[in-house]
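This report describes one protein chain for a reader who is new to structural work. Please keep the sequence and the model in view while reading.

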Amino acid sequence: MKKLMSLVFISLIYLGVLQTNTIASSMTQQEAFIERFYQNILGRSADIGGMNTWLEVIQSQSAAKVALGFFQSQEFVNLGLSNEQYVDILYQTLFNRQADSGGREIWLNQLISGVGKLEVLYGFLNAQEFQNLADSFGVISIRPEDQLNYSPYGTTGVEGYVNRFYTLVLNRTPDQVGFYDWVSQLNSGTKAGGDIAKGFFGSQEYLQRGLDNSTFLDICYRAFFNREADDGGKNDWLSQIDSGATVDDILNGFIGSQEFYNLMESFGLNNIVAPLSVYVKDSMNNLGFYESDGTPHSVVISNDNTKAFIPNGSKGFLILDITTPNNPTKIVEYDTEGFVMTMILSPDNTKAYVLDTMKGVMVFDVSNPSSPSLLGRYYEENFNSYAFVVSNDDSKLYLVGGNYGLAVIDVSNSTNPSLIGKYNVVNYAEGIKISNNDSKLYITDTSGFNIVDLSTPTPTLLSNYANAGGHLFDISSDETKAFVKGTNGLWILDISNSNSPSLFSSYQIDNSYGINNIKLSNDETMLYYTDSGLVYLDISNLNLPTYVGKYSQMGGVFAFEISDDKTKAYAIVNGDNFAILDIYNQSFENEIGSYSLDGQARDIILSQDKTKVYISNHFAGYNILDVSNINSISEVFSQDTDGYATKILISNDNSKMYIADSTNGLLIFDITNLSSPTLINKYNTGGDVASIKLSKDNTKIFIANSNYSLGESDFLIVNIEDTYNPSIIGSYATQGRTLDLVLSIDESKVILADNDNGIISLDITNPASPQLLGSYDTEGNATKIVLSKNGSKAYVVDRNSLLVFDVSNLENMTLLGEYKATGYGVINSVSLSFDEKKAYISDTSNGLIVLDIADSSNIKLIKTYIPYSGYDHLIFDDEQKAFVLNYNKLSVLDMTLDSFFKLKDFGVYNINLDIDTRDNTPLTIDVQLDRNDIISLGNYSQNINYIGQDITIPISSILGQVGQTKITINVSTPEKTKTKTVYFNVAP
């Protein structure tokens, strides 16, 4: 019977029968308001006890608090109402009317789509109609603190903490961008709990409220103590204000109290003050440095590795003593009164041959380096050369670089060099080398790589290999291989047959124009070349050169020589300085797995079960690798797509693979059998497919269709429900070249990264007709883009910068911050950590870089994994390991070590600490050595007041002592300590 009566009441409510006219006229306004709730919500009259309880609530708090109590009561929940009945009761009770059809449909659609009933209830409580109803009964409708138990942004943890200050201090709900900015700063430690509080009270928005001191203190009690002010405490604060206490003094008092500490703990926070962060910076590579006052172009190292000879432009040439790598010193600077472009040494190092553009070919006696003496010279008007070589018997010089082809000078009499002849066997040449027996010359000119026969009095051309050049190249000691710059990277030529050179293998890179100097190590297991820095390749397998690392910390490396033991590079850096670089100490994080690829890896994704990786491998197609054991990675399948594979995606059910191929368009594969994928379709998009994204339901694919023809479609939406017959649904022409894209959370919007126009946002609610929303010209080359989880921020790769945008309003996207790669770095990809406090970027020059992005306006470098650069990376969920694509190698990195350095048993190194805390915070630094027989500790500042500078700790490896060791660095503020451990492997 009771259940039947409930159903009757529900029906009456649903029909709108129970109105205010059923409430006794003898009731007060407040009683009448509460009686309406009993009748409309619970379907019964109020009991005396309940009425008195709710009267106390409505008198001390608000009508919204009463409504929350009724709608969340067990009695109401037990009624088991449908969504329709729930919405009708809200209209009847809170708006005092029946639902209009349009409004009712909106609320019902929200409930059906997953919006919670509590969220809908707050929608009614915050409406003007509820305000009007409450006013008519003389009660307060809703207070800011009533919002604390509900927020779409969260009511607990960091989100709840930030929400309470919006609610209590600013008296409003949060805006999305501002909210997540505060949250990220609190999460990252950029701001602490007290800092956040002060930020709200110090904001222009709060100050414009113009509140008096009493109201200010009321808000402080609610915000910091979660209660109303007690008279004694409030009067004490007012007395302090009257005595001259500032707002900051009052806030510090609240922040320093136990009550506020307890409140912080209730939100899972304990950082009242700003936390301390310490990073170890990888900056130990520079052994020695000499700043030249000229324009050095190259460097020659003496046979005994004790002296460096440097052509120094208008300053003549320079000889340095490099016996102590940490301290290169000048022996002499000789002014030729001309302009020295290059120089070489005789085989016995007693003579130097100098090419001076104004004085010709000069021969110097350098047997006493401190006092070079001019022996003789050969000069001819307009006779210039930029490269030359001396014969092994030290009797002839062979010069190239002018319009004369090849010139030969007799230097058998050093005091009287003479021209033997000029031979038109090569064009305008760049580089030259001579064979071991002086029978051949190897020359690179504008036409390619040339081999010249010297066995007869008149040099003759034996062969030419087209398009192979480079200013400096190298030849293997057995003269069977030549290492030269090719059209698409490094070429290894087979020159065992001098009459018919052929391509043996290659190492492909995008910017082959940057390759200039190419040199082999003495044992010919390593190859080095310069682009923006110094790149190292492992060539122990000539069929498969493998990227090892890159040095780029000091900017561009223009010329270099490698020490015999492969531990040092003697280099000209930044155009005008000489540096000795430690290329042994590489900051190698433990590489716990690797796999050599035969292409140029561009993109990598991990299977759902985390046992396979799929790699788009550019000109070599794609690879599927088994990574279930990362210490022993194996190939499942690979295939050449006969094009250039750039991006790769897998369907939700793991049955399809989609590849963006800049030559063939969109490729669709059936991968139900991973050991034998089959091509389903090759869909020609009419452009160069640069990137692709799948819809959540896998029925559509969105394509960045980089097109070089203006007016052509650069963005496509393709229906792939029938993978055998894809069809274009819609398109948009950006008038540029779209290289990447990202979808909004609901897939109704898209942001394009356009190489020519920056970022472009489109409304794709109607896929057949994308509409422009907004754009932002980055004034660079936008190439990659990722979106934050909440869709409010976009992280855009713009050549050598990472840009962070506020995209909460796609019609007015705004730049929040920028990180610029150092030196000549070019960023290829970006990803975000799970908590979105860090960004990982792959930089061709600087490696895999970890950035602190908690504060978008102040992005900080955390760490650089220098040897590991390339196109893409994939960070494991636990962020302790990473897959990194290094052109033709997949590396698996252990990222758990603070720092791990390889050192030689000589020299002084600096450990640089990047410390982040408040300025003027007292810091204590304590360094403990694990073994003082391997490493000694230099002087460093142990007690300082932090003012934002890096801290340097000098260490010295001890000559003759080898082994593994570590140092422990403790950095302390008065409140806390951070410990960092740096590991070393010292080798002879």
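## An exposed loop residue

Thr-672 counts as exposed, because its relative accessibility is 60%; the term exposed applies over 50% relative accessible area, buried applies under 20%, and partly exposed lies in between (1.4 Å probe, protein chains only). This residue sits in the loop between β37 (665–670) and β38 (678–683). The side chains of Thr-672 and Asp-670 are joined by a polar contact of 2.8 Å. A polar contact is a pair of N or O atoms within 3.5 Å; within protein, one must be able to donate a hydrogen and the other to accept it, and residues adjacent in sequence count only if both atoms are side-chain atoms. Between the C-alpha atoms of Thr-672 and Asp-653, which are 19 residues apart along the chain, the separation is 9.4 Å.

## The model and the whole chain

The model is predicted: local features need pLDDT of at least 70 and side-chain atom pairs count only at pLDDT 80 or more, while totals for chains, interfaces and linings use all residues. Residues are numbered from 1 along each chain as its sequence is written, and side-chain values use heavy atoms, with hydrogens and water left out.

The chain has 17 helices and 65 strands. Helices (H or I, at least four residues) and strands (E, at least two) are DSSP runs, numbered from the N terminus. Of the 988 residues in the chain, 56% are buried. Among contacts with a separation of 6 or more, 50% are between residues 24 or more positions apart; a contact means heavy atoms within 4.5 Å.

## A largely enclosed helix

Helix α4 (residues 63–71) is largely enclosed by the rest of the structure, because 7 of its 9 residues are buried. These buried residues are Ala-63, Ala-64, Val-66, Ala-67, Leu-68, Phe-70 and Phe-71. Their cover includes α2 (29–42), α3 (48–60), α5 (74–77), α6 (83–95), α8 (117–125) and α9 (128–136).

## Two open sheets

Strands of a sheet pair through backbone hydrogen bonds, either parallel or antiparallel. Here two strands are taken to pair if DSSP finds at least two bridges between them.

Strands β31 and β32 are antiparallel and share 4 bridges, and Leu-606 has Val-613 in β32 as its bridge partner. The hairpin of β31 and β32 has 5 residues between the strands, and in this hairpin Lys-610 takes a positive phi near 60°. Strand β32 (residues 612–616) is joined to the antiparallel strand β33 (residues 622–626) by 5 bridges, with Lys-612 opposite Asp-626 in β33.

Another open sheet of 4 strands has the order β7-β8-β9-β10, again with antiparallel pairing. At its edges stand β7 (340–345) and β10 (373–378), each with a single partner strand, so one side of each has no neighbour in the sheet. Strand β9 (residues 360–365) pairs with β10 in the antiparallel sense over 5 bridges, and Met-362 stands opposite Arg-377 in β10.

## Positive phi in two loops

Most residues other than glycine have a negative phi, and most peptide bonds are trans. Asn-226 has a positive phi of about 60° although it is not a glycine; this residue lies in the loop between α14 (213–225) and α15 (231–242). With a relative accessible area of 48%, Asn-226 is partly exposed.

Glu-479 is not a glycine either, and has a positive phi of about 60°. Its place is the loop between β19 (469–475) and β20 (481–486). At 15% relative accessibility, Glu-479 counts as buried.

## Salt bridges

How many salt bridges does a search of the whole structure find? The search finds 18, where a salt bridge is a side-chain nitrogen of Lys or Arg within 4 Å of a carboxyl oxygen of Asp or Glu. One of them joins the side chains of Asp-394 and Lys-351 (3.0 Å, N to O). This pair links distant parts of the chain, 43 residues apart: Asp-394 is in the loop between β11 (387–390) and β12 (396–400), and Lys-351 is in strand β8 (residues 351–356). Asp-394 is buried, at 15% relative accessible area, and Lys-351 is buried, at 14%.
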